[in-house]
Amino acid sequence: MSGQTATSQFNFRQYAWSQFKKNKPAYISLWILGVLACIALFAPLIANDQPLYASYKGHTLFPAFSFENVYELELENGSVEKIQLDIAKWKQMKLESVLWAPVPYAPNRSDYLNSDYKSPSGEQYFQTPTGEIIDMPARFRHYLGTTEKGEDVLSGLIHASRISLTIGILSMGIATLIGLVLGALAGYFGDNKLRTTRGQFYTFIVGLVLAYYYAFMLRGDMLSDAIGTSGAALLLQLLVSILIFTAVCYLFYWIGKLVGKLPLLRSTRNIPVDSFISRMIEILISIPGMVLIISIAAVAKPSIVNLMLIIGLTRWTGIARFTRAEFLKIKNLEYIQAGQSLGFSEARIIFKHALPNGVAPALVAIAFGVAAAILIESSLSFLGVGVPPDVVTWGSLISSGRQNYAAWWLVIFPGLAIFVTVAVYNLLGEGLRDATDPKLKT
Amino acid sequence: MLKYVLRRILVFIPTLIAITLLGFVIMVSAPGDPVERMVSAAQSGGEIGSQTANQIEQKKFWSKKLGLDLPIFYFSLNTLAHSDTLYRVYDRNERNALSRLTSEYGNWEAIAAYYSAIDELNSAHGSIKVDSTMAMGYSVDKVKQDINQSYFESSALKATYNETVINAKLETLSEIYSAPYMTILSDKLDIVKEKLEAVRQTATPWRVFVPVVNFYPNNQYHRWIFGDGNWVTGKGSEFTKGVIRGDFGTSYRTKMPISEVIATKIFWSFFFTMVSVVLGYLVSIPLGIQSAVHKDSRFDRISSIIVFILYSIPGFFAATVLLMTFANPDVLHWFPASGVEPVRGFPEGASFFEVWSGRFPYLILPIISYTYGSFAFLSRTMRVSMLEIVNQDYIRTARAKGLSERTVVYKHALRNALLPIITVFANIFPIAIGGSVVLEVIFTIPGMGNEVFQAIVNQDYPMVVAVLTITGVLTLVGYLVSDILYAVADPRISYSK
């Protein structure tokens, strides 16, 4: 490193960014990722069998943007025509003018004329509004073929990108939250920095048990009833439970302060934060991820949210280890000592001062983690474990291609989609590692 | 060194316990009633109570055999209102109903009395002899039908906890019992109503808010781990010898002992993992060395790109494409599409060579799919660790001494660069036992991974948990072995602290 950059003007973030930009593959993959994210975000506008704009019997309609599912159109002769948006056969309706989505098909919707695996280059048919059956016009071709039930593969791919990216990003979001907090605590406090009185320690443990008792055990029936009713009800009940839990914990925290003043209970002891968290990490990594995730996914109800939670709750170990290692270094630096001598609270030092500086190595783990999460999701949906059967994903498309090897387009295109997404995240991870770790520069 | 190993083993024990706990929690929280799954649900018809009595016997037997008549864990957190013997009610729905009733009224004794009153009403159905004298001039069929309905309603009452539903059911029963031939049962129903009234009168809801901790030395977890005999020697066990002695219980699906199933399946998983790892090491070590030594050469760049691409291709996609291309009658039919040997098997007394040459075409595609993943991973690891080594001072010294490039690379650098590769060896054990689930399913390999998948599809949770636990334990062993290997291979690492 030249002497110029090592002056007080040196800004690590700018340096890392400039290093990252020099890494062309990583920089390009950032752009590809942006495009993928846009596709996922605007999937309903890119691939939809309802027109973006249509003019029908004198009415101007925007079906793809509509929040209601039923249009009630007053006709000139006074009668009312009802159109149910999601099952209407828009392509067979006599529309005066119309603007279709770039891919005029929805996933999960059968095009019966083109069912039974129509190849991208093969013959496809189209029914005109007048009822004739003609060769497929270029505008309505299934450019990536169809499935057995006549669903458009391209539309399925576009909508499945939402699932893959959400699972990848949200599950890693959960994992990052857990990993950063636990890693920071383990690295910062170590085994003998967090001290408390014996009285407070035991009181707090009793408090935890009681908090669990009042928040979750007493409300167990209510919570399991809420699971049956709706997601919103469950969320509400969970929120109440968490509130009770926090309140009881807080109460016992203060009671503990008082108990700690009693004789005999006044002596202090260390809380082995690091040992505890490290043991937790060790347990999680000693169970092969796929087997663990499959086991849990088999017990839990198949749903995208559950899958996200399972992946998030099991894949935080890498992030926690990196953060812990970084915090072991950081905690001895001068600015932390300065903070301590100024009397800042531990929480402020950890989360406000140390964490922003210790987050770089975790970023690398997160990028690789997203790639791994997407791989796990697609493998699971390929196996049909943990994902609801009616959701179209990249993995489930490939799995449907296994029924009929002649339908190569069902395997190749989703496979390429997974490959590109995973590769982009891996490249990103490598770029971040090279940019943030000056040691690797030779 | 010995001290280090001993200390590692000590740390090993809590981790081991945690892994068994994790598996146990998954098994206990699995949906569905295991007893229900074991009892073949025979349709009850004909004589009232006869077949159902048989079913109840069977349920009791299985709940004893599976250990479900025991409390779950060494201790339990409970409310003062709830009975700590509730787990003895073997029917899951009835247990749930009783628990909810207790949460509402808080007086277990009264609720238990109410429950046994319903029980008596229920069993009274069996003792009724339907003949013309009993029917008192009504049609015998009508009487039988009434009794059937009454039995159905009163059985359902046991699993009901909602107040309005209970009232409605009691109402229905009273209506049925208004017929003169039902007097025997209506007496019993009066008792039930009386007890229910007592429950409502003596309600003590405050008891629900008082926590109680109970301890149970004999419980489901203990039984699962140590068996139901003597927990040290395992003598006198009736149903299970316990996980600690390799008995993982009975598979729901095949009704066979899980350890036997695993013993028959483990070979193929182990075979494929070993072959792929050996092949992976053979290819990736020279490749990693070459690209690190000639860093930024054309060879390095191209091989890095290829390795990176392989690394990002999902295994199941590669396997499907391979099958689609090389095991597809429409394209190239070079290899069979599934299994590890011909379906008809081998003739009696086939030699070792004959058997393996017969299997050979079946193994090619799986081995390719297994290998390329580990190959990509290993070459990347090898390249990075070699890159770190070649910049070290002692390598420069070796070159300065005038040693040949070959000696420098293969004698001085390689030895140290191999260290990170040793760690990878630790992962072989768990992969071998868990198998690559996806690949085994795609190629229909009769190994552990396929077995886990089948177990999941058929909700055979003991099997899933058994594999989970075994894999966890073997990974721990793998880590221990690789740590020791590391210490042996690298004298700089000292474990005597």
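Helix H4 (residues 92-105) of chain B has 14 residues and should span 20 Å at 1.5 Å a residue; its end C-alpha atoms are 20 Å apart, which agrees. The expected span is 1.5 Å times one less than the number of residues. This is a predicted model: local features need pLDDT of at least 70, side-chain atom pairs count only at pLDDT 80 or more, and totals for chains, interfaces and linings use all residues. Residues are numbered from 1 along each chain as its sequence is written, while chains are lettered from A and ligands numbered from 1 in the order in which they are written.

**Helix H4 of chain B**

- Helices (H or I, at least four residues) and strands (E, at least two) are DSSP runs, numbered from the N terminus.
- Buried residues of H4(B) are B:Glu94, B:Ala97, B:Leu98, B:Ser99, B:Leu101, B:Thr102 and B:Tyr105.
- A residue is buried if 20 or more other C-beta atoms lie within 10 Å of its own, exposed if 12 or fewer, and partly exposed in between, with C-beta atoms placed from the backbone.
- After H4(B) comes B:Gly106, with a positive phi near 70 degrees.

**Where the chains meet**

- In all, 43 residues of chain B are in contact with 40 residues of chain A.
- Contact requires C-beta atoms, placed from the backbone, to lie within 7 Å.
- Elements of chain B that give two or more residues to the side touching chain A include H1 (2-28), H4, H12 (298-312) and H13 (315-326).
- H21(B) gives the largest share of that side, nine residues.
- By class, the side of chain B that touches chain A has 30 nonpolar, 11 polar and two charged residues.
- Ala, Val, Leu, Ile, Met, Phe, Trp, Tyr, Cys and Pro count as nonpolar; Asp, Glu, Lys and Arg count as charged; the others, Gly among them, are polar.

**A hairpin in chain A**

- Strand E3 (residues 70-74) of chain A lies largely in the open, because the number buried among its five residues is zero.
- E3(A) and strand E4 (residues 80-84) of chain A run antiparallel, joined by five bridges.
- Strands pair if DSSP finds at least two bridges between them.
- A:Glu72 stands opposite A:Lys82 in E4(A).
- Five residues lie between the strands of this hairpin, where A:Gly78 takes a positive phi near 95 degrees.

**Chain A overall**

- Chain A has 16 helices and nine strands.
- Its radius of gyration is 28 Å, whereas a compact globule of 442 residues would have one near 22 Å.
- That radius is taken over C-alpha atoms, and the globule rule is 2.2 Å times the number of residues to the power 0.38.
- Of the 442 residues of chain A, 39% count as buried.
- Chain A is divided into domain 1 (10-48 + 151-193 + 272-442), domain 2 (49-95), domain 3 (110-148) and domain 4 (195-270).
- Domain bounds come from an automatic or database domain assignment.
- The centres of domain 3 and domain 4 of chain A, taken over C-alpha atoms, are separated by 61 Å.

**Chain B overall**

- Chain B has 21 helices and two strands.
- Chain B has a radius of gyration of 33 Å, but a compact globule of 497 residues would have one near 23 Å.
- Along the principal axes, the C-alpha atoms of chain B fill a box of roughly 115 × 60 × 45 Å.
- Of the 497 residues of chain B, 32% count as buried.

Terms used
Contact = placed C-beta atoms within 7 Å.
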